[in-house]
Amino acid sequence: MELYIDTANLDQIRQAHELGVLDGVTTNPTLIAKEGVDYGTRLADICKVVAGPVSAEVIATTYHEMLAEGKDRASIADNIVVKLPSTIDGLRACKALSDQGVRTNMTLCFQALQALMVAKAGAYLVSPFIGRIDDIGEDGMELIVKIRQIYDNYGLPTKVLAASIRHPNHLLQCALAGADVATVPFAVIAKIMNHPLTDIGLEQFLADYRKAFG
Ligand code: G3P
């Protein structure tokens, strides 16, 4: 499974990159707003650190504007993937950009049929939002399972990018369900390598060594 980081924070992106686990980056308007920087400039900076796909979301909501903004974002670097909302206009823009060789990430996907439509329109990635479905008392992981099944049934090449991941168990369930990619906040990456038995074991090894050799 590929692992992306879900942030526009350059320090976190650099740290994850240095760990050797990073295959790409996803950003969105909320994440850029948190940084308080120009979206295009930050994307260019991210693309200097990460060679893999970097998702750049459009702010526009209508077809023609999405198309223009998408092309503009795509011109920033070769590894930019244009992120579009899973709406009717987004679908149309997905088809047009895909036909022009621009990779797209269809975001805010909350039901399996949206994922079927965006795959037919040529999307490179689809982003089902697990955590936000859990937030309303439903099971976000079921969506990953359904999309995986539909894509496998028909050999659809769009990659399932599990998004809105809040904790390591989300990531584990995504890997078991066969998501192609998961995008996670830096805090989730850090938590994965934190295990009390690892810490206790390490402490014991070092204590034994010190006792024997001083
Ligand atoms: O990048 C979109 C997605 O991962 C957002 O996550 O936690 O705001 O639902 P969250």
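**The ligand and its surroundings**

A: Let's start with Ser-164, where a polar side-chain atom lies 2.6 Å from an oxygen atom of the ligand. Such a pair counts as a polar contact, meaning two N or O atoms within 3.5 Å of each other. Please keep in mind that this is a predicted model, in which local features need pLDDT of at least 70 and side-chain atom pairs count only at pLDDT 80 or more, while totals for chains, interfaces and linings use all residues. Residues are numbered from 1 along each chain as its sequence is written, and side-chain values use heavy atoms, with hydrogens and water left out.

Arg-132 also has a polar side-chain atom 2.6 Å from a ligand oxygen. For Asn-28, an N or O atom of the side chain is 3.3 Å from an oxygen atom of the ligand. The protein covers 82% of the 310 Å² of accessible area that the ligand has on its own, as computed by the Shrake-Rupley method with a 1.4 Å probe. Around the ligand you will find Asp-6, Asn-28, Lys-83, Phe-129, Arg-132, Ala-163, Ser-164 and Arg-166, each with a heavy atom within 4 Å of it.

Eight strands form a closed barrel in the order 1-2-3-4-5-6-7-8, with parallel pairing. Strands here are DSSP runs of E with at least two residues, helices are runs of H or I with at least four, and both are numbered from the N terminus; two strands pair if DSSP finds at least two bridges between them. Strand 1 (residues 2–6) pairs with strand 8 (residues 181–184) in the parallel sense, over four bridges, and Tyr-4 stands opposite Thr-183 in strand 8.

Helix 3 (residues 39–49) packs on this sheet and touches strands 2, 3 and 4, where contact means heavy atoms within 4.5 Å. The direction of helix 3 makes about 175 degrees with that of strand 3, an angle between N-to-C directions of axes fitted to C-alpha atoms, on a scale from 0 to 180 degrees.

Arg-42 is found in helix 3. Arg-42 is buried, because its relative accessible area is 13% and buried means under 20%, with over 50% being exposed and anything in between partly exposed. Beyond its neighbours within four places in sequence, Arg-42 is in contact with residues including Ala-8, Asn-9 and Leu-10.

Key: Polar contact = N/O pair within 3.5 Å; in protein donor to acceptor, adjacent residues only side chain to side chain. Buried < 20%, exposed > 50% of the residue type's maximum accessible area, 1.4 Å probe, protein only.
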